[in-house]
Structure formats: C-alpha cells, structure tokens
Amino acid sequence: LAVTVGWYASLDTYVDHALPNIAIRSWRLLSGLDLYYSAESINFMAGVYGPLLNIANGLILWIFGGNLATSNLAGGIALFVGLAAISLHLFRTSDRDVAAVGVIMFLGIIFAVSPLSFWTRPDPFILMLVCVAVASSGLQKYGTYAPHAAVAVCIGLAVNFKAHAFIYFIPIVFRYCAARWYVSWPLMAVLSVGVFLLPFGLPSISLELYLGRLFDMVGGRTISLDLLRTVLKYSTLFLSPIIALAAVWWWARPRIEVRNIWYLGTFILSICVGIYSASVPGAGWYHLLPFVPASVDLFSKFAQSLNDNPAPRMGILGVFFLVFVIISITPQKRLWRTYDRLSAMSPVADEIRGILKKYPGKSIEMGYGRDVAVTYSLTNPRPLLAFAGNPTTVTGPSAMEMRYQGKPVSTVLLEHIRGCKTDLWLIPKAERPFAMNNYFKSRYCCNRQNIIAKSKQIKQIYKTLAWR
C-alpha cells in the first residue's frame with residue numbers, strides 16, 4: 001500500500017481531470033483568495049465539495065510547497081490514518097485472527113478501488129472519519145457519552161467534505177450511540193451542525209455560495225442505469241457480513257446479539273441510500289467506500305460469535321481472507337499499468353515548467369482541444385501554472401458541469417477571452433481550441449476502460465508535444 005500510494009504521489013500528473021481543479025482551488029484558498037465564486041465571476045469553478053477538502057489539501061501544500069506531488073498526498077495520508085484507526089479498533093475488540101482478516105477485508109476493498117481510495121477527493125477523508133468514529137467506541141472508559149461526542153464531531157467534519165456524508169455514520173450511531181438516544185441524538189445533531197459551520201466563519205469561504213451550488217447540483221442529475229448496474233454488483237462486497245451472519249445463524253444462533261442485528265439492518269438501509277449517490281453521472285461505486293469500516297466491524301462481531309465453533313469459524317475466516325485477497329490482485333495490476341503509462345507525462349509537465357521560465361511576467365493559462373481521450377489528458381498538469389501565480393479562468397470539468405446543467409457561458413468569461421486578457425494560452429498541438437464535446441452527455445465517458453485504453457497513445461504523443 002505504501003508503494004502504491006508513494007508511486008501515485010510521484011506522478012507528474014493526475015489520474016482524473018477534476019483533481020487539478022481541487023489543487024488549484026486549494027492553492028487559491030492558501031493564497032488568500034475566496035474559495036467559492038458566483039457563476040458570473042471570472043474565478044468561478046463548478047463543484048460542490050465542502051471547504052474542508054480544500055483546507056486539508058491546502059494544509060499539505062502549505063507544509064510541503066505547491067507542486068504536483070504534494071497536491072496528491074492528502075488523500076494518501078487520510079487513508080493511512082483511517083487504516084490505523086480501524087486496525088486499532090479491530091485488534092481491541094476481536095481475537096487476533098478475526099482482526100487480521102478484518103484488516104485484509106479493509107485492504108482488499110481499498111486496493112480494488114485504488115487509486116480512488118487515496119486520491120484527493122472527499123472519499124478517503126470521509127473514510128478516515130468513519131474509521132475514527134468506529135474506533136471512538138473505545139472512548140467509553142472516559143464516560144458514556146464520550147463516543148457520542150466523537151462521532152458527532154466526525155459527522156460534522158464529514159458533511160463538510162460531502163453534504164450527504166452523514167449516511168455513512170447512521171449504522172454507527174445506532175450501534176454505538178444508542179444510550180438514552182432521545183437525549184444524545186439531538187445533542188449530537190447540534191454539535192455536528194456547529195462543527196460543520198466552523199469553516200464558514202472564515203471570510204474567504206461563503207456558506208451562501210456553497211449552498212447555492214449544492215442545490216443547483218442536487219436538482220440536476222438523475223440515475224444512470226449503466227452505473228446503477230455496476231454499483232449494485234460491487235455493493236455485494238460491502239454486504240458480505242451477511243454471509244458471516246448466516247454462518248452464525250446456523251451454528252451459534254443463541255450468541256447473536258440483537259443490537260448487532262439492528263446494526264446490520266441500518267447498515268443495509270444506508271447502503272441502499274448510498275447506491276443512489278453512487279449511480280448519478282460523474283459518480284461510481286467507489287462512493288460506497290466509506291461504508292467499509294462498518295462492514296468490517298460487522299464481520300468481526302459476527303465472526304466472534306463463532307468462538308465456540310472452531311471449524312465453521314476458521315472456514316468463514318479462510319473464505320473471507322481468500323476472497324478479499326483475490327479481488328485486490330487484478331485492480332492492482334491494472335493500476336500499475338496505468339501508473340506506467342502516466343509516468344510518460346513527465347515531459348509534458350517539464351515543458352510547462354520550461355514555458356513558465358521562458359515567459360516570466362506573462363499571464364499563462366491552459367485550455368483544451370477537441371480530443372477527449374488523449375490530448376485532454378495532457379492538460380492535467382495545469383496546476384503548475386496556478387502554483388506559479390497564474391490565473392485559472394477556463395477548465396474542462398467546470399465547462400462540462402455547467403453545460404450539463406444547461407447554464408450559459410459566463411459573459412464575463414467570454415469578454416475575458418475575446419479581450420485577450422490572458423497573454424498566453426496553452427492548447428495541445430494540432431487541436432482546435434475548446435472544441436471538445438461534453439462527455440457528461442456521452443456514453444463513452446462512462447466507459448472508463450475505453451478511456452484508459454486510449455490513453456496508451458500518450459507514450460507516442462508526448463514526444464512530439466508542442467503547445468499552440
């Protein structure tokens with residue numbers, strides 16, 4: 001895992017076209033600019049992630065400096081913190097063999113989803129907070145309500161990454177925060193809301209603009225049936241504790257705790273809600289990732305119930321160990337091949353650095369051409385321009401998002417381009433500027449394997465790359 005995350009950070013590019021925008025917004029916030037702007041502003045960028053994503057990423061950029069490697073670090077750090085928290089919880093509450101298989105389950109899904117499990121989007125941060133919330137059950141020694149407070153803080157922080165992130169905590173609240181729920185749950189809600197609002201106290205972060213964009217997005221997307229089928233297929237990984245429950249039901253039914261049945265029931269209902277979020281255009285089954293801690297915790301509790309039945313217990317542990325090791329192998333092979341291809345992007349980033357040196361004092365921005373699969377990927381290192389102090393007025397992800405919602409092009413942006421207010425535009429060679437189709441509206445965009453296959457051409461194209 002360390003090698004996989006480290007190699008990811010060393011790439012001179014990003015694995016997804018939206019990640020550069022996150023790096024640019026984080027750098028803007030660090031530089032004293034506002035985080036959110038109205039759609040008519042020249043600095044507007046579409047997106048509905050909460051401010052903590054940019055604060056967390058900006059903190060890493062502040063510590064280590066603004067470059068492509070450090071802008072890829074924050075998600076990996078969050079993942080390792082989450083892994084540590086869930087591992088401590090499992091080894092504290094379960095026998096060693098059960099805990100070890102629980103960690104293997106966790107890692108198996110992490111590898112199956114990688115690099116999405118440690119990229120700099122909200123998912124690894126929310127995963128970390130859910131892991132901490134589960135592990136906070138050990139705080140009961142400091143008082144009955146200590147876990148309640150810890151979980152409430154985690155919920156408030158998580159919702160500040162994604163508005164719907166509270167759904168990942170519902171099973172945990174039912175399992176670990178049920179004592180005097182009629183008192184504790186309202187207090188937890190108040191504490192969560194207070195924690196959520198804290199970042200909006202900064203003058204550069206507008207709650208009104210954030211909520212405006214959020215409501216625009218909520219009403220603008222419907223379920224994609226192609227994505228829904230994929231999400232339903234992979235949701236079985238998270239629902240696998242049902243198999244452990246079936247074994248306990250058969251061999252050790254009297255040892256099943258009723259509260260763990262409630263735990264599983266609320267977990268299944270929350271998964272059903274999460275399936276919707278994962279099935280809209282631009283999403284994917286990796287949106288279920290923050291359910292992993294609760295899934296692993298449920299497995300460990302059901303496996304512990306088989307302590308007096310060694311044969312079925314070892315059978316269940318062996319099956320889960322093998323399944324979650326096997327499911328991690330093929331995705332890792334595919335990921336490392338992708339890393340190898342993306343390593344060829346280094347000359348592209350070097351050329352951008354050379355242009356910055358060649359034209360000191362000039363404002364330089366990067367656009368895109370027509371091709372969506374190959375030359376569009378060459379524009380991913382664009383945060384290098386922002387790190388050097390250049391403006392960012394046009395990005396593919398923002399343009400796609402706004403056109404998908406039927407929003408017109410900003411008149412301020414059009415006047416900016418027509419007035420040549422940016423000195424130099426970088427456009428991939430032999431491409432018609434800004435002619436790319438919106439792949440939110442194309443089936444092709446949903447077939448990630450096609451895009452990855454096409455990206456093999458990067459090795460051939462970078463040798464002749466030149467910016468218009």
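These legends go with a set of close-up views of one predicted model.

Residues are counted from 1 along each chain in the order its sequence is written. Because the model is predicted, local features need pLDDT of at least 70 and side-chain atom pairs count only at pLDDT 80 or more, while totals for chains, interfaces and linings use all residues; side-chain values use heavy atoms, with hydrogens and water left out.

**View 1. The whole chain, before we zoom in.**
The chain has 22 helices and two strands; these are DSSP runs numbered from the N terminus, with helices being H or I over at least four residues and strands being E over at least two. Its radius of gyration is 23 Å, close to the 23 Å that the globule rule gives for 468 residues, so the chain is as compact as a globular protein of that length. (The radius is taken over C-alpha atoms, and the rule is 2.2 Å times the number of residues to the power 0.38.) Along its principal axes, the C-alpha trace spans about 75 × 45 × 40 Å. Of the 468 residues, 56% count as buried, where buried means under 20% relative accessible area, exposed means over 50%, and partly exposed is in between (1.4 Å probe, protein chains only).

**View 2. The second largest pocket.**
Rolling a probe the size of a water molecule over the atoms shows where empty space is left. On a 1 Å grid over the protein atoms alone, a pocket is an open set of points with protein on both sides within 12 Å along at least five of seven lines, a cavity is a set where a 1.4 Å probe fits but cannot get out, and lining residues have an atom within 4 Å of a point. The second largest pocket has a volume of about 590 Å³; a volume is the space filled by probe spheres set on the points, which are joined across faces, edges and corners. Its lining has 29 residues, and Tyr-368, Ala-399, Arg-403, Val-409 and Leu-413 lie nearest the centre. Sorted by type, the lining is 17 nonpolar, nine polar and three charged. (Ala, Val, Leu, Ile, Met, Phe, Trp, Tyr, Cys and Pro count as nonpolar, Asp, Glu, Lys and Arg as charged, and the others, Gly among them, as polar.)

**View 3. The largest cavity.**
About 50 Å³ of space lies in here. Among the residues lining the largest cavity are Ile-24, Arg-382 and Pro-391. Strand β1 (residues 364-366) provides the largest share, three residues. By type, the lining has six nonpolar, one polar and two charged residues.

**View 4. The second largest cavity.**
This one has a volume of about 40 Å³. Its lining includes Gly-367, Tyr-376 and Thr-379.

**View 5. Trp-251 and the residues it touches.**
Trp-251 sits in helix α12 (residues 241-251) and, at 46% relative accessibility, counts as partly exposed. Leaving aside residues up to four places away in sequence, Trp-251 touches Leu-306, Asn-309 and Pro-312; a contact means heavy atoms within 4.5 Å. Trp-251 and Asn-309 are 58 residues apart along the chain, yet their C-alpha atoms are separated by 7.2 Å.

**View 6. Arg-229 on helix α11.**
Look for Arg-229 in helix α11 (residues 225-238). Arg-229 counts as exposed, at 52% relative accessibility. Between its C-alpha atom and that of Trp-285, 56 residues away along the chain, there is a separation of 9.7 Å.
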